[in-house]
Amino acid sequence: MLRRSAAFRAANPCAGTAEMAERMLQFVRLQQAQPEKRKAGQRREDFGEIYREFAAEAASAQASRCSQCGVPFCSVHCPLNNDIPDWLKLTAEGRLEEAYEVSAATNTFPEICGRICPQDRLCEGNCVIEKDFSSVTIGSVEKYITDTAWQNGWVTPPTPRVELPHSIGILGAGPAGLAVAERLRRRGWQVHVYDRYDRVGGLLIYGIPNFKLEKEVVLRRWHQFEQGGIHFHLNCAVGVDVSLAALREKHDAIFIGTGVYQARDIAVPGSSLPGIVPALDYLTTSNRQNLGDAVPAFDSGALDAKGKRVVVIGGGDTAMDCLRTAVRQGAASVTCLYRRDKANMPGSMREVAHAEEEGVRFEWLAAPEAFVGGDKVEGVRAVRMHLGLPDAGGRQQVSAIAGSGFVEPCDLAIKALGFDAEDLPGMFGEPALAVTKWGTLKVGKDFQTALPGVFAGGDIVRGASLVVWAIRDGRDAADQIDAFVRNRVMAAE
Ligand code: FAD
Ligand code: SF4
Ligand code: SF4
């Protein structure tokens with residue numbers, strides 16, 4: 001169980017005293033307030049983030065609502081176990097540079113997590129004042145602290161004090177790979193990151209839309225990492241442009257953080273009609289277009305929702321991103337088909353609320369049976385579902401209601417049914433790279449795969465997960481790689 005650190009108590013002698021109670025514990029007087037949320041009508045017109053910045057006084061006031069729990073459940077349920085009460089208190093006191101240092105000590109990208117973590121399921125959902133007073137706005141304060149740090153030049157490149165000769169190859173420039181890169185580079189290792197994309201960030205750049213995470217927030221990290229001496233080898237697909245074997249020869253250890261990109265499909269009649277597209281193709285096209293790239297699939301209209309009736313199939317966060325992107329592209333109508341009800345959907349309730357405000361229509365308890373159309377998709381034939389008793393895992397089972405079929409008309413159908421791992425042992429020509437039955441990489445407690453000196457983490461180990469978990473894996477794997485190179489590679493020389 002996490003308890004407040006001795007160092008924090010030493011630096012904050014008033015902790016637990018009446019003086020602290022005076023400064024903090026404001027939740028009894030002060031209502032929860034997020035930064036201003038732009039009006040839905042305005043949000044529909046552009047891809048800008050939906051929340052404005054906190055003003056300094058508002059951030060400080062909201063931070064002061066924290067009751068400074070002795071056992072902070074917010075931290076326990078944060079995958080990074082961030083010292084949340086500590087940086088809230090420092091923010092309440094206006095000590096923002098120190099707040100940033102505490103926050104950055106456990107999180108490689110606090111400003112990104114502050115924006116896109118599903119806080120309602122993690123830190124804020126477990127804040128003890130949530131029940132009667134509404135939680136402390138932890139994510140918004142975290143974002144505010146690090147955005148302020150960037151504005152003030154407190155965020156520095158990962159330049160090491162001493163250069164070490166050994167090198168580490170990192171496959172994948174998503175949050176997992178970048179978290180490894182930053183941590184190892186600060187310790188002096190030579191770090192080389194390989195990615196098949198032309199930009200750094202993985203799904204932070206090409207999956208997650210701007211209205212959740214503006215790309216400048218990711219790009220500024222990339223440029224700082226380069227300033228700190230991390231080498232990026234872009235447009236370099238491992239298994240195609242360079243083999244894993246060659247990289248193992250070149251580097252003293254390897255980290256695989258290549259994510260999961262195999263879109264799940266639905267085997268129903270009509271699936272091959274034009275106008276039915278996988279979610280990530282649609283989102284990547286939109287993100288590239290917003291980044292100013294030439295995108296023929298968008299220019300031709302194939303992956304542009306403008307003027308179309310759009311149906312998105314799925315109930316996760318990727319589905320929410322597709323729905324809200326279609327709204328912003330000027331779709332004539334946007335409908336979500338999901339086979340369970342709202343209470344049983346996997347996506348964050350906050351995202352559903354944003355989508356509803358922006359005009360998305362939800363057809364709950366509706367499962368696709370077929371796509372209909374002539375030379376292109378014209379509708380999705382769906383059937384109503386009934387929610388039954390929970391299975392052994394506690395999840396309510398669904399069954400189709402006979403005779404309840406209906407057709408939801410559409411010109412663009414987007415499949416957002418989740419992702420599986422690609423065949424990595426096949427792609428890399430390394431049959432010894434052991435995988436689970438889901439195709440994700442098997443790793444030990446030390447993050448090492450079946451290949452000695454080859455480590456892995458993030459989605460390629462967990463399956464489709466969250467950015468904050470990818471960061472956690474990256475940081476933990478970096479510690480293991482550091483120990484491996486020191487104890488095994490250097491000792492053998
Ligand atoms: P990735 O981010 O997928 O990065 C993997 C990198 O590896 C990519 O850059 C890829 O190009 C590269 N790569 C793959 N194969 C190769 C190869 N052979 N050679 C070289 N490079 C390769 N999480 C949240 O916490 N909040 C959200 O709001 C959220 N929204 C999401 C929205 C969408 C549409 C999607 C798809 C996911 C979302 N997620 C969200 C999940 C989150 O993005 C992932 O969990 C996270 O990015 C995983 O990080 P990663 O580093 O493991 O993989
Ligand atoms: Fe909450 Fe995510 Fe920040 Fe942890 S990293 S405190 S879960 S927003
Ligand atoms: Fe503060 Fe809530 Fe965390 Fe308690 S659980 S320390 S009140 S943020």
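Domain bounds, as used in these legends, come from an automatic or database domain assignment. The views show a predicted model, in which local features need pLDDT of at least 70 and side-chain atom pairs count only at pLDDT 80 or more, while totals for chains, interfaces and linings use all residues. Residues are numbered from 1 along each chain as its sequence is written, chains are lettered from A and ligands numbered from 1 in the order in which they are written, and side-chain values use heavy atoms, with hydrogens and water left out.

View 1. Because domain 2 (167–260 + 421–492) and domain 3 (264–416) both give residues to the shell around ligand 1, the ligand lies between them. The shell holds 34 residues, of which Ile 116, Asp 195, Lys 212, Val 238 and Tyr 261 come nearest; a residue is near a molecule if one of its heavy atoms lies within 4 Å of it. By residue type the shell divides into 19 nonpolar, 10 polar and five charged, where Ala, Val, Leu, Ile, Met, Phe, Trp, Tyr, Cys and Pro count as nonpolar, Asp, Glu, Lys and Arg as charged, and the others, Gly among them, as polar.

**View 2. N and O atoms beside ligand 1.** An N or O atom in the side chain of Asp 195 is 2.5 Å from an oxygen atom of ligand 1, and a backbone N or O atom of Pro 175 lies 3.3 Å from an oxygen atom of the ligand. For Arg 196, a backbone N or O atom lies 3.1 Å from a nitrogen atom of ligand 1. Taken alone, ligand 1 exposes 1000 Å², and the protein buries 97% of that, with accessible areas coming from the Shrake-Rupley method with a 1.4 Å probe.

**View 3. Two loop residues with positive phi.** Asn 81 is not a glycine, yet it has a positive phi of about 50°, and Asn 81 lies in the loop between helix 5 (73–76) and helix 6 (84–92). Helices (H or I, at least four residues) and strands (E, at least two) are DSSP runs, numbered from the N terminus. Leu 365, which is not a glycine either, has a positive phi of about 50° and lies in the loop between strand 9 (361–363) and strand 10 (366–373). Asn 81 counts as partly exposed at 27% relative accessibility, and Leu 365 is partly exposed with a relative accessible area of 23%; buried means under 20% relative accessible area, exposed over 50%, and partly exposed in between (1.4 Å probe, protein chains only).

Technical notes. Polar contact = N/O pair within 3.5 Å; in protein donor to acceptor, adjacent residues only side chain to side chain.
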